[in-house]
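Welcome, and thanks for taking a look at this one with us. Please have the sequence and the model open side by side as you read.

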Amino acid sequence: MKNLTAAPVPVPIGTLDSLREHLQWAIELEQATLPPYLCALYSLDPERNPEAVAVIGSVFAEEMLHLALAANLLNAVGGRPRLDTPGMLPPYPRRLPHSSLELSLLPFGPQALEMFLRLERPAPPGAPAEGDGYETIGQFYTAVEQGLRHLCEQLGEQAVFTGDPARQVEGTHFRHTSGWLFAVRDLESALGALEEIVEQGEGRDGGEVWDGDQDVFHPERDEVAHYYRLMELKLGRRYQRGDTPRSGPTGEPIFVDLAAVRPMRPDPRLSDHEPGSAVRTAQEEFNRTYCNLLKQLEQAFDGDPKLLGAAVGTMYALKGQAVALMAMPGEDGTVAGPTFDYVPPQSRA
């Protein structure tokens with residue numbers, strides 16, 4: 001298994017409690033990316049922007065995969081993943097957990113692409129591990145990797161991987177991605193999960209644009225990592241064999257029709273609309289559904305893995321609700337959008 005670490009640096013995660021805390025942060029990090037990607041995805045007209053829908057949809061699916069792998073990692077070391085909590089959904093715009101990176105809810109377009117590129121930016125060569133206040137997601141996961149290796153050396157693998165194997169979620173394939181959800185039971189599989197997360201986001205070690213998988217839509221070619229898929233949309237051209245981060249994409253053109261994007265109001269809020277109004281009622285319904293999704297995911301990762309299938313079904317309901325919201329015009333030329341506010345369990349239908 002390849003070592004994700006570029007150079008020896010001090011170990012920031014030195015106890016099992018700290019490791020579990022950081023893996024819960026990983027779950028919070030991955031969940032925080034879902035609402036922005038969903039807003040960009042559902043603002044796109046799928047008939048007029050099929051290539052952009054395929055790219056954003058594939059990135060979103062892999063962020064869901066990363067969330068599940070992070071939960072498997074936490075379960076493997078004796079933790080309990082938590083998603084259905086108020087702290088999981090602070091108002092947007094918001095910071096990525098334990099980072100200075102800012103996230104907003106935006107329709108697809110240049111502003112959203114720049115935000116996603118900052119989010120998925122590869123760590124610079126030799127960048128230090130950063131368990132808190134990280135500059136890139138890769139640096140955060142390098143800190144987790146170092147912590148895992150350190151604790152296994154100090155305590156032994158059996159003392160680190162104490163979780164119940166029955167709590168692992170595995171064998172599930174998410175649509176629009178060639179990635180695979182697998183169980184984490186030891187150091188080797190834990191490092192494999194971290195590698196999957198990092199390479200799908202920023203490319204293979206050594207500065208490649210590829211993530212090591214085959215393209216799910218074009219099996220004859222390699223899959224491009226998140227950062228470079230987004231660069232394809234920004235630059236209007238695909239990467240092809242022989243391309244590098246420095247060369248940029250030199251393959252076939254990608255067409256994006258910005259006129260075929262629903263003009264969702266940036267960072268929508270419930271307070272923008274009167275209680276009982278059609279828009280606010282639809283936003284509140286969406287929020288209840290999204291929080292029920294978080295509950296189903298938490299239950300799936302907290303000892304009931306079969307509920308992951310139910311969570312996937314709930315995501316289809318979310319899509320319908322989001323598209324319906326974005327068909328509701330506002331007074332300023334924009335359309336409505338989801339707010340992703342937390343709804344306490346007792347207030348959900």
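In which loop is the place of His 98? His 98 sits in the loop between S1 and strand S2 (102-103). Please keep in mind throughout that this is a predicted model.

## Overall layout

Let us start with the chain as a whole. The protein chain contains nine helices and four strands. Read from the N terminus on, its elements follow the order α-α-β-β-α-α-α-α-β-β-α-α-α.

Of the 349 residues in the protein chain, 55% are buried. Among contacts in the protein chain with a separation of 6 or more, 69% are between residues 24 or more positions apart.

His 98 is a residue other than glycine, yet its phi is positive, near 60°.

The peptide bond that joins Tyr 92 and Pro 93 is cis, with omega at about 0°.

Phe 340 belongs to the segment after H9. This residue is not a glycine either, and its phi is positive at about 55°. Phe 340 has 1% relative accessibility and therefore counts as buried.

## Ser 43 in the loop between H1 and H2

Is Ser 43 buried or exposed? Ser 43 has 0% relative accessibility, so it counts as buried. You will find Ser 43 in the loop between H1 and H2.

What surrounds this serine can be told in two steps. A polar atom of the Ser 43 side chain lies 2.9 Å from the backbone nitrogen of Phe 108. Setting aside neighbours within four places in sequence, the residues in contact with Ser 43 are Pro 107, Phe 108, Ala 260, Val 261, Arg 262 and Met 326.

## Aromatic pairs

How many aromatic pairs does a search of the whole structure find? The search finds seven aromatic pairs. In one of them, the rings of Phe 140 and Tyr 141 have centres 5.3 Å apart and planes at 70°, so this pair is edge-to-face. Phe 140 counts as buried because its relative accessibility is 0%, and Tyr 141 counts as buried because its relative accessibility is 0%.

Tyr 228 and Tyr 239 make another edge-to-face pair, at 5.7 Å centre to centre with 85° between the planes. Tyr 228 belongs to helix H7 (residues 226-235) and Tyr 239 to the loop between H7 and H8, so their pairing ties together parts eleven residues apart in sequence. Both Tyr 228 and Tyr 239 are buried.

Beyond pairs, there is a cluster to look at. Tyr 134, Phe 140 and Tyr 141 come together in one aromatic cluster.

## Helix H7

Helix H7 is mostly covered, with eight of its ten residues buried. The buried residues in H7 are His 226, Tyr 227, Tyr 228, Arg 229, Leu 230, Met 231, Glu 232 and Leu 233. Just after H7 comes Gly 236, with a positive phi of about 75°.

## Enclosed space

Now for the gaps inside the model. Rolling a probe the size of a water molecule over the atoms shows where empty space is left. The structure has two cavities of 30 Å³ or more. The second largest cavity holds about 40 Å³ of space.

Which residues line the second largest cavity? The lining is made of Leu 34, Leu 38, Tyr 42, Phe 60, Met 64, Tyr 290, Leu 293, Met 315 and Leu 318. At least two lining residues come from each of helix H1 (16-42), helix H2 (50-76), helix H8 (278-301) and helix H9 (307-325). H1 gives the most to this lining, with three residues. By residue class, the lining of the second largest cavity has nine nonpolar residues, no polar ones and no charged ones.

Definitions and conventions: Residues numbered from 1 in each chain as written. Predicted model: local features only at pLDDT ≥ 70, side-chain atom pairs only at ≥ 80, totals over all residues. Heavy atoms only, no water. 1 Å grid on protein atoms, 1.4 Å probe; cavity = no way out; pocket = protein on both sides within 12 Å on 5 of 7 lines; lining within 4 Å. Points joined across faces, edges and corners; volume = space filled by probe spheres on them. Nonpolar A, V, L, I, M, F, W, Y, C, P; charged D, E, K, R; others polar. Buried < 20%, exposed > 50% of the residue type's maximum accessible area, 1.4 Å probe, protein only. Polar contact = N/O pair within 3.5 Å; in protein donor to acceptor, adjacent residues only side chain to side chain. Contact = heavy atoms within 4.5 Å. Phe/Tyr/Trp six-rings, centres within 6.5 Å; stacked < 30°, edge-to-face > 60°.
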